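Reader: I have not seen this structure before. Please take me through the terms used for it and what each one rests on.

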Amino acid sequence: MGTSQTAVRTREEQIAQLQGEIKALARERNAVILAHNYERAEVQDVADYVGDSLGLSREAAKTSADVIVFCGVHFMAETAAVLSPHKTVLLPDLAAGCSLASMIDAEQLRAWKAEYPGAVVVSYVNTTAEVKAESDYCCTSGNAVEVVNSIPADTEILFCPDMFLGAHVKRLSGRDNIRIWMGECHVHAGIDPEDIRLQRSLHPQAEFLIHPECGCSTSVLEAMSAGDVDPEGVQILSTEGMIKRPALSDADEFIVATEVGILHRLRRENPGKRFFAANERASCAYMKVTTLPKVKRALERLEHRITVPRAIADRARLAIERMVAIGGQHPMSAVPSPSSDPGE
Ligand code: SF4
């Protein structure tokens, strides 16, 4: 007992020391630290801003810092580099990839486009800058239906790379001229309708929150619009909506369908309430490769710098700007009963 208490204290002290060193280095470098909601708790705690990919991109675009340390995955740092071409964007570990973004590359997309000349390409934000450059629109889970509805009804659409979001959008838009790329995020496999039914039966008083950011739970969105998940009492929420919801709700317990990293912030900001993951195994290994020593090294050595060639960045920016312009004016789901707010 005494030994383990000592070990816990030591680890906490080590974390606090590293966090202090990182903060001091960030001041020296005039750097801002951005962390995604799915990062390790201690990385979230050292960040200046914690949020979802679009929210972090917006922070990256408006910051006055010279250096952006992006504690997230590669495509997010690329998006920050596209939106802030004159800033130094650092990714602490280049292994921070994304299984969904790797499902399609620019060459594959060009070949797909060649099969359907005249089609409009809508890409989920979880794509490389090169794929965005080949796309007409980017979208988030929050505005995918709106983006698709803004395209003339007789125009064919190629939707990539998230097949669950694609199926959901196809169902809700009522269009049959959408072709869907068969990509998926591996984390969704930990959040299936069976897990959800089990958790809801174990916690019948709990509110059920869905956070479909990042492809990790677009499968739940799709299962709900297909009727496989009961929409009664469901809240579909963006990151900020999710963080605020517990304080607004009478419920004391919440089941959360998302990557488990967001539970840290929910618990920290709502200490009087209880949160249960739809499935504790829904964890993104790519998000967890970033550690405090790597953040410190990134600041010391100004590595790994993420850049996007100008020609690609200029085309990718167009698709991203269209995404931001259509961003979340309406609720993200047309499924009748659950309440929702614009997601990112
Ligand atoms: S949760 Fe899925 S979509 Fe998000 S970064 Fe991880 S692998 Fe990619």
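**The core and the terms around it**

Author: This is a predicted model. Its largest nonpolar core has 107 residues, and Ile 33, Leu 34, Ile 68, Val 69 and Phe 70 are those with the most contacts inside it. Helix H4 (residues 74-83) gives the largest share of this core, seven residues.

Reader: What makes a set of residues a nonpolar core?

Author: The set must consist of buried residues of listed types, Val, Leu, Ile and Phe among them, joined through C-beta atoms within 7 Å. In soluble globular proteins, nonpolar side chains tend to be buried together.

Reader: Which residues does Val 69 touch, leaving out those up to four places away in sequence?

Author: Val 69 touches Ala 31, Ile 33, Leu 34, Leu 90, Pro 92, Val 295, Ala 298 and Leu 299. A contact requires C-beta atoms within 7 Å.

Reader: How much of the protein chain counts as buried?

Author: Of its 344 residues, 49% count as buried. The cut-off for buried is 20 or more other C-beta atoms within 10 Å.

Reader: Why does the radius of gyration of the protein chain agree with a compact globule?

Author: A compact globule of 344 residues would have a radius of gyration near 20 Å, and the protein chain has 20 Å, so the two agree. Along the principal axes, the C-alpha atoms fill a box of roughly 65 × 50 × 30 Å. The protein chain has 15 helices and 13 strands.

Reader: Which domains does the assignment give?

Author: The assignment gives domain 1 (2-97 + 287-308), domain 2 (101-184 + 312-325) and domain 3 (187-283 + 331-339). The centres of domain 1 and domain 3 are 26 Å apart over C-alpha atoms. Their contact takes 12 residues from domain 1 and nine residues from domain 3. On the side of domain 1 that touches domain 3, four residues are nonpolar, five polar and three charged.

Reader: Which residues come nearest the ligand?

Author: Of the 15 residues around the ligand, Cys 98, Cys 185, Cys 214, Gly 215 and Cys 284 come nearest. By class, this shell has 10 nonpolar, four polar and one charged residues.

Definitions and conventions
Residues numbered from 1 in each chain as written. Predicted model: local features only at pLDDT ≥ 70, side-chain atom pairs only at ≥ 80, totals over all residues. Near = placed C-beta within 6 Å. Nonpolar A, V, L, I, M, F, W, Y, C, P; charged D, E, K, R; others polar. Helix = DSSP H or I, 4+ residues; strand = E, 2+ residues; numbered from the N terminus. Rg over C-alpha atoms; globule rule 2.2 N^0.38 Å. Buried ≥ 20, exposed ≤ 12 C-beta atoms within 10 Å, placed from the backbone. Domains from an automatic or database assignment. Contact = placed C-beta atoms within 7 Å.
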